[in-house]
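Have the model open while you go through them.

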Amino acid sequence: MVSLVKVPVNTGFRRLLYLVSPNETSFRTLDEVPDFVTEAILFFLAMVLIETIVLVCQGKQTPRINDGVNSVACGLVSLLHSLLFRGTELAGFMWMYNRYNIVTLPWDNPMTWVLCLLGVDLGYYFAHRYGHEMNIMWAGHQTHHSSEDYNLTTALRQSAVHRYTVWVFYLPLALVMPPAIFQVHIQFNLLYQFWIHTEVIKSLGPLEWILSTPSHHRVHHGRNPYCIDKNYGGTFIIWDRLFGTFAAEREDEKVVYGLVHPLNSWDPSFAQFGHLQYMWKTFKQMDGLSNKLSVIWKGPGWGPGKPRLGLPEDIPQVKAPITKYDSGLPMWGNLYVIVHFGVVMIGYTDLTQQSKVIPAIYTVYCILYIMLSLTAFGALHDHKNYGPLLEFGRCLLFLLVQQVLPVPLLLFSQILQWLYIASACFWGYMCIQQYSVSVKTKAS
């Protein structure tokens, strides 16, 4: 198994805060640029644990297991495409660079590094803003806003779809920026935004004028009317102050998090693709080509006769506290899901290394199995009738694949075999019990 700890501890935490220097993060070629996001996984989990301990000490609500698992599951889904394809932002950048590059700034000059930092964050601001103001882009970005909680696990709730539209906003940088430096900052821009998803930190004083902070980003995740479409900045809040999209957090009105219309599901596939289904249904129902196209290109709040972004009065008024969707499992069920989710995460980490040397078809099989696993965990938390059967089939499939797959893509061991054998037996028994109850109910 590949070790999860690939960098010194202090370096890993510094990276999350963008506290890195040009000297240590400037590279000549793309092949030299590390996968900073994958290397940060262990540090994400460590900070989630630290935040949980702080919340306990403060006597506040700790992350809910059902919500946290769903957030991490969505984040994992968002990474799966990278096992087969180069990142879309980088692919788009390279397409532009190879055709229209005017001059390439020196890769080892600190000013190039700083200019790229600012350029990437400005590109992110507009990509993020249109992610809220254009329905086809919101279809992807809404995944990140679907949690009704706000903690570090929420930061991991990333979209698998949004990345296929945001690359356009970084194209101007390809006119002058070295690809390797761009690849560095596109990763660090994402890493920085992890730690600002917390309620533990209230204010950073004067830094609130310059940086995107937890306070600013809490507003961004709110569904209170004053929070809608505000504070898009990734690393810096200066863009919002310049372009009129800034709103300060109010002391007299607690932020209520989540979507205006909550998902009420723990299925990561629904969180990722549910809005696309809704758009398709709305598209078919609309009369006239103009209205149909408006469903795609105008804001998610648009309707016939309304302005592009909808009407402010259509935003539901909310007031904390609210009743959150909280379908879940007893403690033994949560422990079961956490253990098996951990196995999936370890398998994914190994796969990121194995995928470079194994046939692509095996990688595809593993991606499908990961999706099956995450869907099964969501079904169990949602109390779906098919949940036990899906989990039973998933465990049997794991044991079957272990016997026939010619390459060790996952952490195969005697302990793991017995874990899945026991799990398959348990869920097989639960399926029989469920079937018996169903037969008795119908007979009565």
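1. Is Tyr170 buried or exposed? Tyr170 is buried, at a relative accessible area of 4%. For these labels, buried means under 20% relative accessible area, exposed means over 50%, and partly exposed is in between, with a 1.4 Å probe and protein chains only.

2. A word on the ground rules. This is a predicted model, where local features need pLDDT of at least 70 and side-chain atom pairs count only at pLDDT 80 or more, while totals for chains, interfaces and linings use all residues. Residues are numbered from 1 along each chain as its sequence is written, and side-chain values use heavy atoms, with hydrogens and water left out.

3. Now the ring pairs. Rings of Phe, Tyr and Trp (its six-membered ring) pair if their centres lie within 6.5 Å; planes under 30 degrees apart are stacked, over 60 edge-to-face, and the rest tilted. The count comes to 27 aromatic pairs. One of them joins Tyr125 and Phe126, edge-to-face, at 5.0 Å centre to centre with 85 degrees between the planes. Tyr125 is buried at 0% relative accessibility, whereas Phe126 is partly exposed at 28%.

4. Back to Tyr170, which pairs with Phe182: the ring centres are 5.8 Å apart and the planes are at 65 degrees, so this pair is edge-to-face. Tyr170 lies in the loop between helix H9 (163-166) and helix H10 (179-195), and Phe182 lies in helix H10, so the pair ties together parts twelve residues apart in sequence. Helices here are DSSP runs (H or I, at least four residues), numbered from the N terminus. Phe182 is buried too, at 0% relative accessibility.

5. Which charged residues sit over rings? The charged end of Arg241 is over the ring of Phe246, 4.0 Å from its centre, and Lys292 lies over the face of Phe283, 5.0 Å from the ring centre. To qualify, NZ of Lys or CZ of Arg must be within 6 Å of the ring centre and within 35 degrees of the ring normal.

6. Last, the cysteines. With a disulfide taken as a pair of cysteine sulfur atoms within 2.5 Å, the count is zero. For Cys425, the nearest cysteine sulfur is that of Cys395, 9.7 Å away; Cys425 is exposed, with a relative accessible area of 53%. Cys431 itself is buried, at 16% relative accessibility.

How values were computed. Helix = DSSP H or I, 4+ residues; strand = E, 2+ residues; numbered from the N terminus.
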